[in-house]
Amino acid sequence: MSSSPPRAADVLGRVTLVTGKEEFLNERTVVAVRDSVRTYDAESEFSETVGSDLTLGTLGELAAPSLFSSVRCVVVRGLENLPDESVEGLLAYAAAPADEVALVLVHGGGQKGSGTLTKLRKLATVTESKSGELRPSEYPSFVAAEARRHGATIEPDAADFLVQAVGQDLRSLAAAADQLTSDFIGQAITADKVKQYFGGRAEAKSFAVADAAFWGRRTEALEELRWALDGGTPAVLVTSAFAGGARGVARYRSAPRGMREADLAREVGVPPWKLRTIRDQSRGWSDGGIARAIQAIARADADIKGAASDASYTLERLVLTVTALRDPR
């Protein structure tokens, strides 16, 4: 997920095309280019505009040397909104960019402006940095890459717990990884260390309830549920965690036999290490049992979203139902 910062030679006299919907990753690329130029020349200048305002004249003004420095970094955001009359001028500049200018073009994803992207990609002077949307199974890998950026390592179960606790916002995950690696310098980040900081998050509590239930551990699941609700965990997060647990078991059971572990993980939609848990959990479930569990989860979710008079009773009933459906053998 994370790569080495670009050298000045990689960005000056060239165009960096940043595409994709992950704004956090896009911004990281912009900052990396700017920092590379600044490292090359501390007096370099940084300017920015939006695609809707770009004309060949304004691009010329942005890229022109100043009295203080000829080295510049120019960022154009919202390339998808580039006026039609400005496309040819931009392509002409991109084909032969000024030697001491690093031009960064940021496209926010989607079909708008895709024709311009196609033409830019054909130019030898253009390097694309693409940020695709992450699949759920890829978030722990992102966390691990963030830890490596700071010279640290994080254990797989710790990375997964951090995603459960913080959620799938990349900016928040990056900040959490930064905090952990700063506070545990030189140490591997374990699940216990993550729980010290993030164990109280509502999402993490809801997953603890669901995990215990799908193991068939009724007493533990009920205790976790009471802790979660007393701590302010919204009921909808609990049903969401149950739905995720049911999907994991169902997908594992329906996956073709004999698949390689990495392929099976992609099929199920979880990190490879997580398969161990799902594999063990699935041994206590039949196809009929997991189907009835999914129905029970859907009913509980509908009851809660329909302003059930007693959400805690609804969730307790869900725990009892799910744990009863699992075969104790």
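Buried means a relative accessible area under 20%, exposed means over 50%, and partly exposed lies in between, with a 1.4 Å probe and protein chains only; by this scale Arg283 is exposed, with a relative accessible area of 62%. The model described here is predicted, so local features need a pLDDT of at least 70 and side-chain atom pairs count only at pLDDT 80 or more, while totals for chains, interfaces and linings use all residues. Residues are numbered from 1 along each chain as its sequence is written, and side-chain values use heavy atoms, with hydrogens and water left out. Helices (H or I, at least four residues) and strands (E, at least two) are DSSP runs, numbered from the N terminus.

- Five strands form an open sheet in the order 2-3-4-1-5, with parallel pairing, where two strands pair if DSSP finds at least two bridges between them.
- Strand 2 (45-50) and strand 5 are the edge strands, and each of them pairs on one side only.
- On average, neighbouring strands of this sheet are turned by 15° against each other, direction ignored; axes are lines fitted to C-alpha atoms, for helices over the stretch in contact, and angles run from 0 to 180 degrees between N-to-C directions.
- Helix 2 (residues 23-40) packs on the sheet and touches strand 1, strand 2, strand 3 (72-77), strand 4 (101-107) and strand 5, where contact means heavy atoms within 4.5 Å.
- The direction of helix 2 makes about 165° with that of strand 3.

- Strand 4 is mostly covered, since seven of its seven residues are buried.
- In a regular strand the side chains alternate between the two faces of the sheet.
- From strand 4, Val101, Leu103, Leu105 and His107 point one way, whereas Ala102, Val104 and Val106 point the other way, and all are buried.
- Strand 1 and strand 4 run parallel and are joined by six bridges, with Val15 standing opposite Leu103 in strand 4.
- Strand 3 also pairs with strand 4 in the parallel sense, over five bridges, and here Val74 stands opposite Leu103.
- Strand 3, helix 4 (residues 84-95) and strand 4 make a right-handed β-α-β unit; a crossover is right-handed if, with the strands pointing away from the viewer, the path from the first strand over the helix to the second runs clockwise.

**Strand 5 and Ser129**

- Strand 1 (residues 14-20) pairs with strand 5 in the parallel sense over six bridges, and Thr19 stands opposite Lys130 in strand 5.
- Ser129 has its place in strand 5 (residues 126-131) and is partly exposed, with a relative accessible area of 25%.
- Leaving aside residues up to four places away in sequence, Ser129 touches Leu17, Val18, Thr19 and Thr29.
- The C-alpha atoms of Ser129 and Leu25 are separated by 9.4 Å, although these residues are 104 residues apart along the chain.

**Salt bridges**

- A salt bridge is a side-chain nitrogen of Lys or Arg within 4 Å of a carboxyl oxygen of Asp or Glu, and by this rule the count comes to 15 salt bridges.
- The side chains of Glu48 and Arg77 meet in one of them, at 2.8 Å from N to O, and this pair links distant parts of the chain, with Glu48 in strand 2 and Arg77 in strand 3, 29 residues apart.
- Glu48 counts as partly exposed at 42% relative accessibility, and Arg77 is partly exposed with a relative accessible area of 22%.
- Glu27, Glu48 and Arg77 are linked in a network of salt bridges.
- Glu128 and Arg121 meet through their side chains in a salt bridge of 2.9 Å, N to O; Glu128 is partly exposed, with a relative accessible area of 32%, and Arg121 counts as partly exposed at 39% relative accessibility.
- The exposed Arg283 forms a salt bridge with Asp280, the closest N and O atoms being 2.7 Å apart, and Asp280 counts as partly exposed at 30% relative accessibility.

**Helix 7**

- Helix 7 (residues 156-166) is mostly covered, with nine of its 11 residues buried.
- Among the buried residues of helix 7 are Phe161, Leu162 and Val163, together with Asp160 and Gln164.
- Just after helix 7, Gly167 takes a positive phi of about 100°.
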